[in-house]
Amino acid sequence: MSKELGNGAVMCDVDSRGVVTVTLNRPEVNNAYNEDMIQGLHQAMDLLPSLPSARVVVVQGNGKHFQAGADLAWISSVAPKSPEENERVSRLTGEAIRRLDTLPIPTVALIQGGCFGGGTGIASVCDIVVAADNAIFAITEARWGLIAGIILPQLCQAIGVRNVRRYALTCERFSPETALHIGLAHEICKADELRATGARIVDGLLMNSPSAVSATKMRTLEVSNSLLDDALFADLVRQHSELRQQADAAEGTASFLEKRLPSWYPQN
């Protein structure tokens, strides 16, 4: 089975073994996410209950890059809309990450090229992350006057508070070796071996009892206090949407689109 979801922004394929491959499919903008991609991710996860044979989800990006964060042109188009619409968009985005985090089957992310902003959020919630040796990571939201709030809980779980306090504040890029060291990636391989490495890991997962794997994953989330509280999630969504409508976000996204330094950067 193969489906185009989110107006083609996401591809979903299911093979005879129950391996569901979700491909982010906006290579012309480095797989930057917009509402189509977010809806496509939701639609892919909506399919899973109708696929009782589903055993593993593999998340990958089409083209040179895994996922380059938010499409800032889209962000700029959303920001002037009503507070209610901005909150809806933030909730939709946050719920996609939250749902991926709690899927009852194992998830594997295969990362090549850029993995920025929301891409690091996807990496933080996948059970197993393989990074190609050409992967580059960054938690970029603050650079554009935005906040990574709806993925901060998962990032803190994945790489620890100390590392989030560095990389979410500096927005600096870091290597796959650093991602491995801090816990965002589990394994590094050559770029041309990324799919084969993922296939090896998937095969290992398929050797294990589906019910035991699912129970182990969900119990691990519970005993580690990794499940996001509804009240906190609502507050994260509110702040995420509110900051998008502030002056710094307008300036940050404009500086990106106009390929210039933001006004807050010292000029002398």
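Predicted model: local features only at pLDDT ≥ 70, side-chain atom pairs only at ≥ 80, totals over all residues.
**View 1. Trp-144 and Phe-256 form an edge-to-face aromatic pair.** The structure holds four aromatic pairs. In the pair formed by Trp-144 and Phe-256, the ring centres are 5.1 Å apart and the planes make an angle of 75°.

**View 2. Tyr-167 and Phe-174 form a tilted aromatic pair.** The ring centres of Tyr-167 and Phe-174 are 4.5 Å apart. Their planes stand at 45°, so the pair is classed as tilted. Tyr-167 and Phe-174 are both buried. Together with Phe-137, these two residues make up one aromatic cluster.

**View 3. Arg-98 lies over the ring face of Phe-233.** The distance from Arg-98 to the centre of the Phe-233 ring is 4.6 Å.

**View 4. The largest cavity has a volume of about 160 Å³.** The model has two cavities of 30 Å³ or more. The largest cavity is lined by 17 residues. Closest to its centre are Tyr-33, Thr-93, Ile-97, Gly-118 and Ile-122. The elements giving two or more residues to this lining are α1 (35-47), α3 (83-101) and α4 (118-125). By class, the lining of the largest cavity consists of 11 nonpolar residues, five polar residues and one charged residue.

**View 5. The second largest cavity has a volume of about 120 Å³.** Its lining is made up of 13 residues. Val-22, Leu-41, Met-45, Val-59 and Leu-100 lie nearest the centre of the second largest cavity. At least two lining residues come from each of β3 (19-24), α1, β4 (56-61) and α3. The lining of the second largest cavity has 13 nonpolar residues, with no polar and no charged ones. Helices α1 and α3 also each give two or more residues to the lining of the largest cavity.

Notes
Residues numbered from 1 in each chain as written. Heavy atoms only, no water. Phe/Tyr/Trp six-rings, centres within 6.5 Å; stacked < 30°, edge-to-face > 60°. Buried < 20%, exposed > 50% of the residue type's maximum accessible area, 1.4 Å probe, protein only. Lys NZ or Arg CZ within 6 Å of the ring centre and 35° of its normal. 1 Å grid on protein atoms, 1.4 Å probe; cavity = no way out; pocket = protein on both sides within 12 Å on 5 of 7 lines; lining within 4 Å. Points joined across faces, edges and corners; volume = space filled by probe spheres on them. Helix = DSSP H or I, 4+ residues; strand = E, 2+ residues; numbered from the N terminus. Nonpolar A, V, L, I, M, F, W, Y, C, P; charged D, E, K, R; others polar.
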